[in-house]
Amino acid sequence: MSTRLATGGRLIDRARAVDFTFNGKTLRGFAGDTLASALLANDQMMIGRSFKYHRPRGVVASGAEEPNGLVNLGLGPAFEPNARVTTTALFGGLTAESQNHWPSLEFDIGAINSAFARFLPAGFYYKMFIHPRSFWKHIYEPFIRQSAGLGRAPKNRDADSYEHFHAHVDVLVVGGGIAGLQAALSAARTGAEVLLIEQTAHWGGRAAVDDPVIDGTPAAYWIKTTLQTLESMPNVRLRNHMMGAGLYDHGYALAHERLTDHAPATPGPRHRLWRIRAGRIITATGAIERPLSFAGNDVPGVLLASALRDYIVNYGVSAGDRTVVVTNNDDAYRTAIALVQAGLIVPAILDARPQADGPLVRQARDLGIRVEQGRGIAKVQGRRRVTGVAICAQAGEGAVLEEISCDAVAMSGGWSPVVHLWSHCGGKLIWDEEQAMFRPDATRPPLGADGQGFVQVVGAANGHLRTGAVLADAADAADAAVLADAADAAGGEAPVAQDAEETPMAPVWLMPQGASLKLRQKMWLDFQNDVKVSDVQLAAREGYESVEHAKRYTTLGMATDQGKLSNINGLAVLSSALNTPIPQVGTTTFRPPYTPISMGAIGGAARDALFQPLRRTPLQDWHEAHGATFEPVGQWRRPYAYPRAGESTHDAVIREVKNTRQAIGLLDASTLGKLIVKGPDAGRFLDMLYTNVMSSLPVGRCRYGLMCSDNGFLIDDGVVARLSDDTWLCHTTTGGADRIHAHMEDWLQCEWWEWQVYVANVTEQFAQIAVVGPKARALLEKLGGVDVSKAALPFMHWAEGTLAGIPARIFRISFSGELSYEVAVAAGQGRALWDRLVAEGAALGAMPYGTEALHVMRAEKGYIMIGDETDGTVIPQDLGLDWAISKKKADYLGKRAQERSHMADPERWTLVGLETVDGAVIPDGAYAVGDGVNANGQRVTIGRVTSTYYSPTLGRGIAMGLVLRGPQRMGEVIDIPRLDGSIIKARIVDPVVYDKAGERLDG
Amino acid sequence: MLTLHCPHCGTLAAETELTAGGEAHLKRFGPGSDDDSFEGYLFMRENPKGVHFERWRHSYGCGKWFIAARCTATLEVFGTYPAQSSAPPQHIRDAITARRPGWGWRDLA
């Protein structure tokens, strides 16, 4: 059984017991434990069920590479699925439950899949669920969905907060093992600003566990003093609990800091996403031990040799009393030695190499451990727990030589450098034949803006597995990172280290090398996604020769651990099946993040009110206080309507329209875009931007204009006022101000840069209030100060003056068809003017109206709305706006495009009014249909509805639409189907359905 | 995430401060141009693996447009210069030649 040893455990505090629950059972660990070590200490070896076959699974690893130990963590708003037990720090009250089983971890119905594993090979789902097609939606999909996914998705809103943090540093060092510490120290000694990050809570990496001698002292002491030196340096920042998630172009890096996962009661954000710009990046991310492929290598109790050692040294936890060690290298002997030194039994070390006789081997022998060379495991015995192993010759086919009873197996297939970060932004790898590993090719690094490499990999991540080489590599790289030409840079000498000589490892991709299919079907490559050696071999046989294809066919490496343990073993198997050398098979693409990061951290503070900036007009408080309902328009929230007590929104809109048409409506038009265009060439510039002529507009006058892209399509409209000889004020649509400003700048800066024109966006500098309706003039006269009579201020003129004591610019423009004044005042005076208008207007029947009433009234007048009548494919001619297009101008943006044959095609759908025969309101977005079917067998469409409303003025539905040859078909009745198939009959009419003569404009 | 040097305000701008504006040095064809010229101006774009000239706007900085000469394959930036240029300046061409001898782009070399 797995248990807590009486002594040992450098990271735990035995004086502080911590209670937690697993599957409802209360268990006890110590402060400093991970959830994995605490579970093992309680003999909870089996932690979950595998994804496909529901096989019992226990922890394999001790760190971020763990594929099996995934649990649902926390409750309610703190619930999180797929939490990795090896990287979850234990705290009091932690609640975890195992995943992917029903009804319980111990007894699971899905485990029946394991019995049929032979019939569920790679590609099973692709082959099985393809015929008949009619089964896809209602039979196959529900079945597949039922079996998909590991953890449960959270149901509650996340109660935690998250944030982003920006950092700019000279050197970012990722990984706080001895390589990272040394690299940070060397870089910092040159004066560089250094950020050193470590994903775990502890510094020193593997050296802290194996404790080699550095500079004549134990590694633990060197780590401690180096850390102290770094902490004392003002140019160094150290962060643990922080994982280097991804490297990107030009020295950009993302790191994920877990601030409170280990201490949930701590105030502040739970995770922080660091967005780092670094001059140079040094990755010291270490290496990950590889499993060996032998039958039953997934049975709980089979662990990586290094992990087993970690649990003993770090947490004083043993995975079993009797542990068989199986290896192809010397390092695993350290585990055997540690086990024996902890008083545990190692019945045998099975070394797949025919010969090995380094100091570690001798030390193991001297401790009395039986070392068998040229041997491997034929099969692990046990189902929910290792009960023994059958030994065979590695060179053979699996004939059992001997059976040894044991309750744990420590396996080591060699080490794979963590090259993920190096690869994220284009660093290339080379295959190191001697160590059977991919390591970074320093001659092909990720390139920065200057075309030079900006990433250096040091230590074990660079393929150096011996302590001395690790430290020298780190010191050299740090010098090179900071000062390319610094031969004797200030970084100082690398420390000197002694650790045991090791004999070379021998690659072992199958154990035994001639294993039968029956054995290969029990050799797991990817523990999390249940991919076996036989699956990869099947993929190769079926023609999936590219490693990327084989990956997707088998799902090898596609689980949440991203194949940290499985990729190299899998591609070695593929390489052998294809009879192609490993480097030619290559690796799959490494993609960020290195380990999963929380969605919360990605979002950061951008949620709720901070999700995006909210733009407020000077009158927003009044709208909110007066019961407005709002609609988003760009980043504004505009009042949609102002429902009164007992009134529906629809009722309110009807009232607002009627009141505006009969008395006075007040509209907050502050969101309207306002661009000042000024300069000697401003008129010429505007003539290029608008389809009509603006240079001829007299000072004091207004003109409606259309703006097109150079592709001919209508992009914005609005009223332009000429303020002075060289100054125009261009109104844009509410959502269009920034876009049109950018459009103007683009043409000014990049095409007509010699023209003397200046554009300023003054949208927010003004509050603008539309005073609309037959009594609008009376209200403004009541306020007094400006002559707004018909003679003094005719339609499409503007005047300046002091209205109600407030300096104002008054435009006589109308978007409703009524007598209308738009009054612009400085933003800070907007509320004062509004309050006066409301107060003085009450006696005249003034009421505010919202955007929906605005829409209804403009539709009654046949005025177009950008975004309703236009969608990026509509030209002004489609909308019957030829009158606003200059025939005289030699050029304007869009003119040449509108001459193209397709644009001049008489078959283009053209704007008309639609009057329903029975008065019904046509649904938004409806299409008009004609006779017959098109080439795809669909009903022919002859038009579409662009705006549709209930008109309170007419008491019926009104609509506008683009219809094939519309203007030539006046009076014709066309069919517009609803979604339910019923037909609305609509008559084609003029788009202007109210006051066609325009008699109401003057009041 | 690229960083580009803004030639107008002098800062090193991260991509989040910038807006991409597509291929640089387009020659506008207006009324009177034939269909092929107009099509070429409006729609036809280079898609090189290697040296490319692109328009960028320092939207969340000084608001000015500039042109970046960079390698689309390695993301190396050869230089940036104001958009008020109808062709790449000589020092930019020299910088590209130093790094990519024999380069060509449209009718430039």
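**Entry 1: a hairpin in chain B**

I began with the hairpin of E5(B) and E6(B) in this predicted model: five residues lie between the strands, and Leu75(B) takes a positive phi near 70° there. Helices (H or I, at least four residues) and strands (E, at least two) are DSSP runs, numbered from the N terminus. I then looked up the pairing: strand E5 (residues 65-71) of chain B and E6(B) run antiparallel and are joined by five bridges. Two strands count as paired if DSSP finds at least two bridges between them. Arg70(B) has Val77(B) as its bridge partner in E6(B).

**Entry 2: notes on confidence and conventions**

I noted that this is a predicted model, in which local features need pLDDT of at least 70 and side-chain atom pairs count only at pLDDT 80 or more, while totals for chains, interfaces and linings use all residues. Residues are numbered from 1 along each chain as its sequence is written, chains are lettered from A and ligands numbered from 1 in the order in which they are written, and side-chain values use heavy atoms, with hydrogens and water left out.

For chain B I found a mean pLDDT of 96, with 100% of its residues at 70 or more; pLDDT is the predictor's confidence in each residue, from 0 to 100. The model's scores are ipTM 0.98 and pTM 0.91.

**Entry 3: where chain B meets chain A**

I looked up the contact next: 32 residues come from chain B and 33 residues from chain A, with contact meaning heavy atoms within 4.5 Å. About 2,400 Å² is buried between the two chains, and carbon and sulfur atoms give 50% of that. Buried area is the accessible area (1.4 Å probe) that two parts lose on being put together, summed over both. On the chain B side, Met1(B), Arg28(B) and Pro31(B) lose the most area to chain A, together 29% of what that side buries.

How many salt bridges cross the interface of chain B and chain A? The rule finds four, a salt bridge being a side-chain nitrogen of Lys or Arg within 4 Å of a carboxyl oxygen of Asp or Glu. I checked the salt bridge of Asp35(B) with Arg896(A), whose closest N and O atoms are 2.7 Å apart.

Helix H1 (35-42) and strand E4 (51-57) of chain B are the elements that give two or more residues to the side touching chain A. H1(B) gives the most to that side, with four residues.

**Entry 4: salt bridges in chain A**

Asp351(A) and Arg353(A) form one of them, with closest N and O atoms 2.9 Å apart, and both residues are buried.

Arg831(A) and Asp835(A) also meet in a salt bridge, at 2.9 Å, N to O. Both lie in helix H24 (residues 830-841) of chain A, four residues apart, about one turn of the helix. Arg831(A) is partly exposed at 32% relative accessibility, and Asp835(A) is partly exposed with a relative accessible area of 32%.

Then I turned to Asp868(A) and Arg858(A), whose side chains meet at 3.2 Å, N to O. This pair links distant parts of the chain, ten residues apart: Asp868(A) in the loop between helix H25 (851-860) and helix H26 (895-898), Arg858(A) in H25. Asp868(A) is partly exposed at 26% relative accessibility, whereas Arg858(A) is buried at 0%.

I also noted a network of salt bridges that includes Arg206(A), Asp210(A), Arg309(A) and Glu502(A).

Last, I looked up an open sheet of three strands in chain A, in the order E12-E11-E31, with antiparallel pairing. Strands E12 (217-218) and E31 (497-498) stand at the edges, each with a single partner strand, so one side of each is left without a neighbour in the sheet. Two bridges join E11 (residues 213-214) to E31(A), and Val213(A) stands opposite Gln498(A).

Terms used
Buried < 20%, exposed > 50% of the residue type's maximum accessible area, 1.4 Å probe, protein only.
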